[in-house]
Every structure is written in C-alpha cells, then in structure tokens.
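This briefing is for a reader who has not seen the structure before. It goes through a few selected sites by topic.

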Amino acid sequence: MKLNLVQSINLALKQEMTRDPNVVLLGEDIGKDGGVFRVTEGLWQQFGDNRVIDTPLAEVGIISVSIGMAIAGMKPVPEVQFDGFSLPMLDQLYNHAGRMRKRSQGRWHVPLVLRVPHGGGIRALEHHSESLEAFFTHIPGIKVVTPSGPYNAKGLLVSSIRDSDPVVFLEPKRIYRAIKEEVPEDEYTIPLNKAEVVQEGSDVTVIAWGAMQKIVREAVEQLAGKYSVEILDLLTLYPVDRKTIIDSVKKTGRAVVVHEAPRTCGYGAELIATINDQALLNLEAPVARVTGYDIPMPLPKLENYYIPDVTRINRAIENVMEF
Amino acid sequence: MPKKEMNIDLEIFQILNEDGRIANTREMPQLKDDDIKRMYESMVLARVFDDIALKLQREGRMLTYASLMGQEASQIGSALALEDEDWFVPSYRENGVFITRGFPMETLYLYWAGDERGMKIPDGMNALPVSIPVGSQVPHAVGIALANKLTEKKSVAVVYFGDGATSKGDFHEGLDFAGVFQVPCVFICQNNQWAISVPVKKQTAAETIAQKAIAYGIDGARVDGNDVFAVYKVVKGAIEKARVGKGPTLIECYTYRMENHTTADDWKKYRDPSEVEWWKHRDPIERLKKYMEDEGIWNEAYDKEVWDNAKAQVSEAVKKFESVPPPSPLDMFTNIYEELPPEIEEQRKDFE
Ligand SMILES: Cc1ncc(C[n+]2csc(CCOP(=O)(O)OP(=O)(O)O)c2C)c(N)n1
Ligand SMILES: [Mg+2]
C-alpha cells in the first residue's frame with residue numbers, strides 16, 4: 001500500500017485500537033471532524049464516542065486526564081493540535097508523567113503517547129510552527145520519538161503505543177502529505193532506541209530527524225560524486241542510539257548536525273557533547289551545526305529564511321570537509 | 001444561594017428583537033440618530049472587510065482568515081462602548097473591534113498574510129496584538145487592569161475570547177484573580193456556539209457561560225449578541241461600573257459564527273445547514289436596518305452610500321496592503337531584545 005504520513009499514522013491508530021480496547025484517543029476536533037490534519041479521520045465513525053473523545057478546549061486537561069487514565073490501566077493517545085499549544089503541558093509531563101514511577105516507587109506508571117504535529121514550513125499562523133524537541137528530551141522519564149516518513153511512522157507509533165512509559169511522538173507536519181511510501185498493512189514495529197543509517201558514506205556523517213531528513217537527503221544528493229556522505233535518521237531522540245552515531249563518526253571523522261529548532265540548547269548540542277565524549281580523538285574537524293536561530297519562529301513570510309535549507313546544509317558540509 | 005448578593009441574570013438580555021422591533025423600551029440606551037448610524041456603518045464596514053478578506057484568501061493572497069460574520073453586533077456594540085483610554089485585549093476573531101477602534105485595516109490584512117509587520121500596534125492605542133493560543137490573553141487583561149488599579153488610572157481593560165476558551169485554565173485563573181483583586185476588567189465571551197467542530201454543550205456542562213461568574217464572585221450577564229443595542233448597553237454599563245471601582249463583569253454574548261472557523265475549515269462536516277439557516281434570519285445588520293427603517297433613519301439611498309463608502313475604504317486598504325514591499329529577511333532579528341545579544345548578532349551576520 002502506498003500511503004502518506006497522515007494515512008500511515010491513521011492506519012497504525014486504527015490497528016492498535018482494534019487490537020487493544022484500552023487504546024483511547026483524546027483531543028480537540030479529533031472526532032467527527034477527524035482532526036485538523038485529518039489524522040484521525042474515520043476513527044470516530046468506526047470506534048465511537050468512548051474511544052475517540054472530543055475534549056473541551058484545554059491542553060492541560062487533555063494531558064493530565066490522560067495521565068490519570070494511563071495510571072488506571074488504559075492506553076491514552078492524546079493529540080495536541082499544534083506544537084505551540086503543547087507548552088502548557090510541560091508542567092504535567094515534567095512533574096507527573098515522567099516521574100509517576102518514581103513518585104509511586106514503582107506502583108504506577110504512565111503509558112501514554114502524546115501526538116504532536118511538529119515544526120514549521122506549512123505557512124501557518126503564530127505558534128503553529130515550533131520545534132520543541134529539546135524541551136521534551138530534557139524531561140526525565142519521557143521518551144521522544146520522531147518519524148521521518150510513512151513507513152517508519154507506522155512502526156514507531158505502534159511501538160510507542162505498546163511501550164509502558166510516556167512517549168512524546170513528534171509528527172513532522174510539513175511532510176504529512178509530501179511523501180508517499182510503501183507501508184505494509186501487516187503489523188510491524190520499529191524499536192524505540194534505534195537510529196537508521198539512511199545512506200552509507202565515508203567522508204562525513206550528517207545527523208537529522210523528522211522533516212529535516214527530507215531536506216538533508218536533497219542536499220546530499222547535490223553533493224553526490226563530490227563527497228561520500230553518511231546520513232543518519234535518529235527516529236528516537238530519547239533514548240538515542242548512541243552506538244550508531246559513534247560508530248559512524250568514528251568511521252567518517254566528521255559530522256554535521258541539522259535541526260530546525262533554535263541553536264542555543266538545541267538537541268544538536270547534546271549530540272555534539274556525546275560525540276566529544278566518545279569520539280573526540282577521531283574527529284578531523286569540529287562538528288558543525290545547521291539550525292534555526294535564537295529567535296521566535298518567524299511568521300510565514302520569513303519562515304523559509306529561518307528553516308535550514310539545502311544551501312546552508314551544503315555550506316556546512318563543505319566547511320567541515322575543507323577544515 | 002450565594003451569600004453575597006450578586007448581579008446575575010441568566011435570561012438572554014435583549015432590546016432589539018429578531019424583527020427589528022424594540023422589545024424592551026425601558027432598557028433602550030440614550031442614542032442619537034448619528035450614534036445609531038455609526039453602529040450600522042461600523043457593522044457594514046466590518047462585513048465588507050470580512051468579505052474581502054475571504055476573497056483575498058481564496059485568491060492565495062492571504063494565509064488563512066477567521067471570519068467574524070454574524071458576530072458584528074457583539075463586536076461593534078462592545079467596541080463602541082470603550083473609551084479611547086480603555087484597553088482592548090483580543091483573541092484572533094476581533095477584526096471588527098480592531099477596525100472600530102481605528103486600527104488600520106491594511107495592517108490587519110498584513111497580519112493574516114503572514115507578515116509580522118501586521119502585528120504592529122499604532123502608537124497611542126491601548127491594545128494587545130492578536131492572541132492565537134486560545135484563552136491565553138484573559139489573564140493579561142486582568143494584569144493590565146490590576147496595574148491600572150494600583151496606579152490609579154481610570155482605564156478599563158476589556159478582553160475578548162470565545163466559548164471554547166472558557167475551558168482553559170487561563171480563563172479560570174483570570175476570573176479568579178479578577179474577583180479576588182476586584183480589578184477594572186470586563187470579560188466578553190463571544191459565545192458563537194462552536195469551537196471549530198465542538199459545540200458549546202460539549203465545552204461545558206453548565207447551561208450558560210454567564211453563570212460561571214457566580215463561582216468567581218463577580219457579576220455576570222447574558223446578552224443577545226446579535227442585538228447591537230443590548231450589547232452596547234450591557235458592555236457600557238460594565239465598563240462604567242469597573243471604572244468607578246465596582247469590580248469586574250463576565251458578559252456572554254450569545255451569537256453565531258456564520259462562516260467556517262477559519263478558511264482551513266469546512267463546517268459542513270459537523271454542522272447542520274438548518275442551524276446556519278436559522279441564524280441567518282437573526283443577522284445583526286439586517287435587524288438594525290429594519291429598526292432604522294421604521295424609525296425613518298434608513299432608506300435605499302443612504303444604504304447604498306454606506307455600502308459604497310465601506311467598499312471604497314476597504315479597497316483603499318487593500319491597495320495599501322498590496323503595495324507594501326516584502327519584508328526584509330533581516331527583520332527576523334529585530335524586536336527580540338532591547339539590545340541584540342552577541343549570540344544572535346553572530347547568527348545574523350552568518351545569515352547575511
Ligand atoms: C491553546 C490552543 N489550543 C488549540 C488551538 C487551536 N484552535 C484555534 S481556535 C480553536 C477553537 C476556539 O474556539 P472558541 O474559543 O469558541 O473561539 P472561536 O474560534 O469560536 O471564536 C482551536 C481549538 C489554539 N489556537 N490554542
Ligand atoms: Mg466559539
């Protein structure tokens with residue numbers, strides 16, 4: 001089956017809801033309306049009011065009620081409409097979802113999956129285009145997963161739903177409908193700590209995730225014949241697959257990290273620290289970062305100047321190669 | 001029964017009924033013919049602005065747009081009750097209030113076209129920019145009102161939000177603080193029956209939004225939001241009460257969103273067309289027009305003049321909007337801090 005990202009996530013939800021009656025969706029406009037991105041289209045019709053719950057307009061309510069449901073043995077899969085509105089949820093994620101195991105000394109845990117349409121590039125209004133992965137990876141007790149295409153989205157979402165810890169699932173909204181891939185109808189899972197080597201190479205390692213994968217691949221294609229570039233797609237940001245990263249950097253001796261979020265304290269900083277810890281002496285050049293700037297995400301007229309593009313990525317690769 | 005005597009009426013307060021007749025002569029505010037004409041002309045202007053916004057959006061000249069069609073009486077009736085020094089704290093649907101308060105229409109168009117320069121509040125105007133995160137602006141108005149109280153200013157803060165926003169913690173916390181500190185703040189909930197696809201009865205189990213005031217110990221009122229006289233009267237009363245230190249009021253304007261939520265939405269997925277049809281007969285502009293005609297202050301010639309004039313103003317605004325050159329990419333780096341820190345300065349250089 002050729003599916004786009006919206007369809008593959010929809011399929012994963014449908015199959016998991018069929019398999020496990022405890023899987024319940026909550027969110028704003030996810031029922032009859034099928035969600036603002038149509039990710040839950042048809043699920044309310046199939047599963048009804050008790051499985052696909054249109055909530056009042058309150059993000060803190062959505063996450064905290066989900067935490068309660070998860071403690072009581074259900075598998076809530078709440079949706080937040082846009083990334084910018086997930087920020088008030090940080091309190092509940094940090095203080096409760098991520099530490100209920102600790103707070104109850106192992107008696108309770110919080111198996112929920114918070115789905116967050118993530119990142120910019122869709123010409124949306126203010127607060128609809130943020131990249132917040134570093135906020136989530138900084139929370140102890142939470143896993144952070146981000147697919148980059150229809151195939152891995154399905155396998156990762158199924159794994160996330162079956163995981164016994166809270167997972168924040170960042171969906172790159174910019175490519176919701178931009179990529180179609182073969183997605184098996186049959187069940188499969190992708191482990192939540194495994195990065196993918198998208199393309200092997202020997203000169204430089206480029207690390208990216210989510211919507212940036214597509215842009216990185218386009219950029220690297222332009223360098224074909226000039227440099228042998230290895231591309232890593234992290235898929236899970238926490239816990240991250242450090243072995244794949246370190247093995248790759250030890251082989252190439254050079255690395256470029258690409259993300260859309262602002263530079264300072266971005267997730268790239270963590271990756272570079274990890275590389276410095278475990279592969280510093282293998283490096284031929286300082287690790288480069290291509291990121292957003294330390295400014296609020298611009299409105300659509302300027303957002304394309306903010307989001308890393310092919311030119312900036314290739315300039316970083318050239319710089320690292322010529323160091 | 002609450003111990004303290006509170007002023008809450010859960011009946012829908014109406015002055016001008018659906019047929020354009022005065023249902024409640026005693027309550028009719030003292031308005032000169034020119035005041036009434038101003039109401040009508042402002043509502044027509046808002047409708048034309050709205051219409052053209054939707055057209056520009058369809059043509060791809062704007063990103064998206066949140067229409068106020070059907071809510072003109074709530075917006076214009078309330079906007080005209082504010083004094084110049086009063087604060088206006090909007091959500092994203094208050095284009096009618098913005099315009100009535102004299103905010104440049106071309107600037108609003110710029111905002112909806114995704115241009116940051118559209119967020120610029122003119123000097124001397126006490127207003128906050130459009131607030132997209134639903135309900136988040138409610139406590140800001142309370143803070144402004146508290147500051148006005150502590151610094152003994154006579155200005156009142158008026159905040160707008162939708163029915164959906166009443167589910168947010170921000171709404172609760174804002175009203176709670178307002179009650180505790182007895183601030184000069186007026187809360188205007190435009191209950192347009194829908195929050196995107198979610199009807200108000202799924203937003204709250206309470207029968208009305210106005211009654212929520214009881215729990216915060218503040219006054220509440222429920223107004224026919226398609227009756228410009230009723231809205232004007234109740235909002236004016238609440239503002240003047242707040243101004244003399246007699247505390248905040250929650251006002252529920254009972255109205256209807258005639259259009260899609262925004263241009264990205266399709267109401268046919270979740271609303272019954274007969275419901276929309278029912279509200280069409282309660283159009284706030286038509287209602288006022290009937291009244292004015294009966295009073296002899298409306299005729300065809302006047303009407304043509306009003307609409308032509310509104311269209312001319314809006315097309316002038318569209319012209320200005322379209323002649324604005326594209327923003328400089330370097331604008332991204334402005335208005336972040338008073339002084340740009342070295343980190344961003346370096347990033348800006350790198351960008352160039
Ligand atoms: C905190 C937050 N959550 C979700 C959204 C997405 N959203 C935008 S408008 C809206 C519905 C708002 O309904 P209501 O408060 O009734 O105002 P209306 O749009 O009807 O004027 C939603 C869910 C948002 N902007 N902010
Ligand atoms: Mg509403």
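In this predicted model, Q203(B) sits in the loop that joins β6 (198-199) to α7 (212-216) of chain B. Q203(B) is buried because its relative accessible area is 7%, under the 20% cut-off.

**Surroundings of Q203(B)**
- The side chain of Q203(B) reaches across to chain A, with the backbone nitrogen of L57(A) at 2.5 Å.
- Leaving aside residues up to four places away in sequence, Q203(B) touches P56(A) and L57(A), and in chain B it touches D163(B), G164(B), S167(B), A195(B) and V198(B).

**The magnesium site**
- D163(B), one of the residues that Q203(B) touches, also coordinates the magnesium ion (ligand 2) through OD.
- The other donors to this ion are OD1 of N192(B) and O of W194(B), and the distances are 2.0 to 2.2 Å.
- Along the chain, the donors follow the spacing D-x28-N-x1-W.
- D163(B) belongs to the loop between β3 (157-162) and α6 (169-181), and N192(B) to the loop between β4 (185-191) and β5 (194-195), so the pair ties together parts of chain B that are 29 residues apart in sequence.
- Both D163(B) and N192(B) are buried.

**The sheet of chain B**
- Six strands form an open sheet with parallel pairing, in the order β1-β7-β8-β4-β3-β2.
- Its edge strands, β1 (8-13) and β2 (87-89), each pair on one side only.
- Neighbouring strands are turned by 15 degrees against each other on average, direction ignored.
- Six bridges link β4(B) in the parallel sense with β8 (residues 249-254), and Q190(B) stands opposite C253(B) in β8(B).
- Helix α5 (residues 138-150) lies across β2, β3 and β4, at about 170 degrees to β3(B).

Notes:
Residues are numbered from 1 along each chain as its sequence is written. Chains are lettered from A and ligands numbered from 1 in the order in which they are written. This is a predicted model: local features need pLDDT of at least 70, side-chain atom pairs count only at pLDDT 80 or more; totals for chains, interfaces and linings use all residues. Side-chain values use heavy atoms; hydrogens and water are left out. Helices (H or I, at least four residues) and strands (E, at least two) are DSSP runs, numbered from the N terminus. Buried means under 20% relative accessible area, exposed over 50%, partly exposed in between (1.4 Å probe, protein chains only). A polar contact is a pair of N or O atoms within 3.5 Å; within protein, one must be able to donate a hydrogen and the other to accept it, and residues adjacent in sequence count only if both atoms are side-chain atoms. Contact means heavy atoms within 4.5 Å. Donors are N, O and S atoms within 2.8 Å of the metal (3.2 Å for Na, K and Ca); water is not among the atoms, so sites may look incomplete. Two strands pair if DSSP finds at least two bridges between them. Axes are lines fitted to C-alpha atoms, for helices over the stretch in contact, and angles run from 0 to 180 degrees between N-to-C directions.
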